[in-house]
Amino acid sequence: MRPKAVLIGPPGSGKSTIGAALADRLGVTLRDTDADVEAAAGKPIGEIFIDDGEERFREMERAAVAAALTEHEGIVALGGGAVLAAETQEALAGHTVVYLRVGLSEAIKRVGLASARPLLVLNPRSQMRKLLEERLPIYERLGTVAVDTDGREPADIVAEITKALEDA
Ligand SMILES: Nc1ncnc2c1ncn2[C@@H]1O[C@H](COP(=O)(O)OP(=O)(O)O)[C@@H](O)[C@H]1O
Ligand SMILES: O=C(O)C1=C[C@@H](OP(=O)(O)O)[C@@H](O)[C@H](O)C1
Ligand SMILES: [Mg+2]
């Protein structure tokens, strides 16, 4: 069993939103590993960070990603930081990995200032800039398909991904 596509990219790139629309379009279901971690912990990600720390969140995230990649046949959306784990980088080999590109300003606009994302609560703009600098090379390397999302409607992005999957 393997997903039709795995979505990666920074927070605000649209992994969860585009993932749901893409799954709809393909008549399959979306598995969002952030939701899996929340279900396993029985609390929102913000609370996991506060109560248990980021390390514990990353440990749960690695397990959620490993399970989704082997159990799910539809679309899988990862959390933005999941690709930092060497184990996850290795597990993604051989999968169709769609990298959703987003620029700093648009990512900030999308996640908003009152972000539910614990890493972006303090100084969201500088945190996002740092995060992009660290991660962009990883996303670029792991993505087997890369799609620009700035200034584009979800439907347009979904159409491009669908076509890329057909051509693959
Ligand atoms: N192409 C897009 N254009 C405009 N807004 C978008 C687009 N993609 C996502 N969004 C919005 O950005 C926010 C973050 O999207 P989300 O899917 O949660 O991103 P991610 O899962 O990558 O962090 C949501 O409010 C969503 O509606
Ligand atoms: O970039 C990150 O490290 C994170 C991104 C979030 O997911 P989204 O990318 O879906 O926002 C979530 O997993 C957590 O807040 C950590
Ligand atoms: Mg998401």
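A residue here is called buried if 20 or more other C-beta atoms lie within 10 Å of its own, exposed if 12 or fewer do, and partly exposed in between, with C-beta atoms placed from the backbone.

Residues are numbered from 1 along each chain as its sequence is written, while chains are lettered from A and ligands numbered from 1 in the order in which they are written.

**Figure 1. The whole chain.** Let's start with the overall layout of the predicted chain, which has 8 helices and 5 strands. Helices (H or I, at least four residues) and strands (E, at least two) are DSSP runs, numbered from the N terminus. The C-alpha atoms fill a box of roughly 45 × 35 × 25 Å, taken along the principal axes. For 168 residues, a compact globule would have a radius of gyration near 15 Å, and the chain agrees, with 15 Å. That radius is taken over C-alpha atoms, and the globule rule is 2.2 Å times the number of residues to the power 0.38. Buried residues make up 36% of the 168. Two residues are in contact if their C-beta atoms, placed from the backbone, lie within 7 Å. Of the contacts between residues at least 6 apart in sequence, 75% join residues at least 24 apart. As for confidence, pLDDT is the predictor's confidence in each residue, from 0 to 100. Its mean over the chain is 95, and 98% of residues reach 70 or more. The complex gets an ipTM of 0.99 and a pTM of 0.97 from the predictor.

**Figure 2. The nonpolar core.** A nonpolar core is a set of buried Ala, Val, Leu, Ile, Met, Phe, Trp, Tyr and Cys residues joined through C-beta atoms within 7 Å. The largest one has 38 residues, and Val 6, Leu 7, Ile 8, Ile 75, Val 76, Leu 78 and Val 98 touch the most other members. Helix α4 (residues 54–71) gives the most to this core, with 5 residues. Take Leu 78: leaving aside neighbours within four places in sequence, its contacts are Val 6, Leu 7, Ile 8, Lys 15, Thr 33, Val 65 and Val 83. In soluble globular proteins, nonpolar side chains tend to be buried together.

**Figure 3. Around ligand 1.** A residue is near a molecule if its C-beta atom, placed from the backbone, lies within 6 Å of it. Of the 15 residues around ligand 1, Gly 14, Lys 15, Ser 16, Thr 17 and Arg 110 come nearest. Helices α1, α6 (104–111) and α8 each supply at least two residues of this shell, and the largest share, 3 residues, comes from α1.

**Figure 4. One set of annotated positions.** An unreviewed UniProt entry gives "binding site" for Gly 12, Ser 13, Gly 14, Lys 15, Ser 16, Thr 17, Arg 117 and Arg 152. They spread over 141 residues of sequence and also in space, up to 22.9 Å between C-alpha atoms. UniProt positions are given in the numbering used here, feature names are shortened, and annotations may be inferred rather than shown by experiment. Gly 12 sits in the loop between β1 (5–8) and α1. Beyond four places in sequence, Gly 12 contacts Val 102, Ala 107, Arg 110 and Val 111. Ser 16 belongs to helix α1 (residues 15–26) and is partly exposed, with 17 C-beta neighbours inside 10 Å. Not counting residues up to four places away in sequence, Ser 16 touches Asp 32 and Ala 77. Arg 152 lies in the loop between β5 (145–148) and α8 (154–167), and its 13 C-beta neighbours inside 10 Å make it partly exposed.

Figure 5. Asp 34 is in helix α2 (residues 33–41) and is buried, with 20 other C-beta atoms within 10 Å. Setting aside neighbours within four places in sequence, Asp 34 contacts Ile 45 and Gly 79. Arg 58 is found in helix α4 and is partly exposed, with 17 other C-beta atoms within 10 Å.

Conventions: Predicted model: local features only at pLDDT ≥ 70, side-chain atom pairs only at ≥ 80, totals over all residues.
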